[in-house]
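Please find below a colleague's note on the structure shown here. It is arranged as numbered points for discussion.

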Amino acid sequence: MPEIQTPSNVNIKSMAEVKSKVAPIWCPGCGDFGVLSAVYRAALILDLDLKNTVVVSGIGCSGRLPIFTNFYGFHGVHGRVLPTATGVKLANPKLTVIAVGGDGDGLAIGGGHFPHAARRNVDITYIMMDNSVYGLTKGQGSPTTNPDFTLKALPYGVQEENLNPVALALAYDVSYVARAYSGHIDQMTDLFVEAIRHKGFSFVHSISPCTVFNDTYKFYRERVAEIPKEHNTDNKKAALDLWQTPGKVYLGVFFKHLRPEMTELTAKLSLAVQARKGKGNTEKLLEQFV
Ligand SMILES: Cc1ncc(C[n+]2csc(CCOP(=O)(O)OP(=O)(O)O)c2C)c(N)n1
């Protein structure tokens, strides 16, 4: 395939360059401000290239995030953030691709895409902005709503158990699994930096409380704790034990390991096809279809 031409680099030199002219319109106190701030800071630390970074989002309050950055953005369909981000990265592996979306987007309507993104291990970073509620549609229960909570729209609470995004990511063998909290922006920034650097599919469960429909700030303030320094991030069993620790919501890196990444595998496959059919034949083959 002809190589995709990417524009010349425009690396970020200041915070002003990464912020777009559109001011965030989330509700006062929304955790999403913290996530956005950590994305800005991580971009500056990584010296990300404005012309070769794409932020893809689903639908939800969280889905607005790309609009507030100066990167290329794609505000896609509800629940389809991971297929879209995967497509962007496979089409042009040189891009840095960051996917953002809510807990509803990623675990309800889009829940079927999460294990497959993990299997493919495409080099994208997935920031799940978890407010434990459907924020944009005004307060319905989400897959992460705690059954002990009542909501304005659910005076008797939800009747189902809540899913744990970190546990799912570990079970799906995601190659980088971390948890951040928007009340701890410095740590969230460090985790985004590490996740974007990680070669493979990286997942940061980003707790981002909603102050209007399910205010969980007090709940998390009382429970968040640092993952103990002695935790071995190669050890999946130890990571699983951490998320199950009663009364604690651990923050930090649970698990990371390197395994074959999909854009590299597809590049090798493409070379193998060319070698078998003779250089140039792949283009001719493709011409039949486009
Ligand atoms: C296909 C489809 N189904 C349903 C909706 C309605 N809808 C919009 S946002 C949303 C849920 C938002 O919750 P979440 O993904 O957790 O994001 P948040 O707003 O909390 O950031 C729903 C159900 C939609 N836009 N498209």
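Predicted model: local features only at pLDDT ≥ 70, side-chain atom pairs only at ≥ 80, totals over all residues.

1. Residues are numbered from 1 along the chain as its sequence is written.

2. Eight strands form an open sheet in the order 2-1-3-4-6-5-8-7, and their pairing is mixed. Strand 2 (72–75) and strand 7 (224–226) are the edge strands, each pairing on one side only. From one strand to the next the twist averages 20°.

3. Strand 3 and its partners. Strand 3 (residues 96–102) is mostly covered, with six of its seven residues buried. With strand 1 it runs parallel, and five bridges join the two. Within this pairing, Thr53 stands opposite Thr96, and Val56 has Ala99 as its bridge partner. Strand 3 also pairs in the parallel sense with strand 4 (residues 125–130), again over five bridges. There, the bridge partner of Ile98 is Thr125 in strand 4.

4. A helix on the sheet. Helix 3 (residues 81–91) packs on the sheet and touches strand 1, strand 2, strand 3 and strand 4. The direction of helix 3 makes about 175° with that of strand 3.

5. The nonpolar cores. Which members of the largest nonpolar core touch the most other members? They are Ala99, Ile127, Val177 and Phe192, out of 61 residues in that core. Helix 2 supplies the largest share of this core, seven residues. A second, separate core has eight residues, among them Trp26, Cys30, Tyr134 and Phe213. In soluble globular proteins, nonpolar side chains tend to be buried together.

6. The surroundings of Ala99. Leaving aside residues up to four places away in sequence, Ala99 touches Val56, Val81, Leu82, Ala85, Ile124, Thr125, Tyr126 and Ile127. Of these, Val56 is also the residue whose bridge partner is Ala99.

7. Helix 2: length and burial. Helix 2 has 15 residues, and at 1.5 Å a residue it should span 21 Å; the end C-alpha atoms are 21 Å apart, so expectation and model agree. Which residues of helix 2 are buried? They are Asp32, Gly34, Val35, Leu36, Ala38, Val39, Tyr40, Ala42 and Ala43. The cover over these buried residues includes helix 1 (15–18), strand 4, helix 7 (185–197) and strand 6 (202–207).

8. Asp47. Helix 2 is followed by Asp47, which lies in the loop between helix 2 (32–46) and strand 1 (53–57). Asp47 is not a glycine, yet its phi is positive, about 55°. Most residues other than glycine have a negative phi. Is Asp47 buried or exposed? Asp47 counts as exposed because 10 other C-beta atoms lie within 10 Å, and the limit for that class is 12 or fewer.

9. Asp173. A positive phi, about 60°, is also found at Asp173, which is not a glycine. Asp173 is in the loop between helix 6 (165–171) and strand 5 (176–181). With 16 C-beta neighbours inside 10 Å, Asp173 counts as partly exposed; a buried residue would need 20 or more.

Key
Helix = DSSP H or I, 4+ residues; strand = E, 2+ residues; numbered from the N terminus. Pairing = 2+ DSSP bridges. Axes fitted to C-alpha atoms, helices over the stretch in contact; angles between N-to-C directions. Contact = placed C-beta atoms within 7 Å. Core = buried A, V, L, I, M, F, W, Y, C linked by C-beta atoms within 7 Å. Expected span 1.5 Å × (residues − 1).
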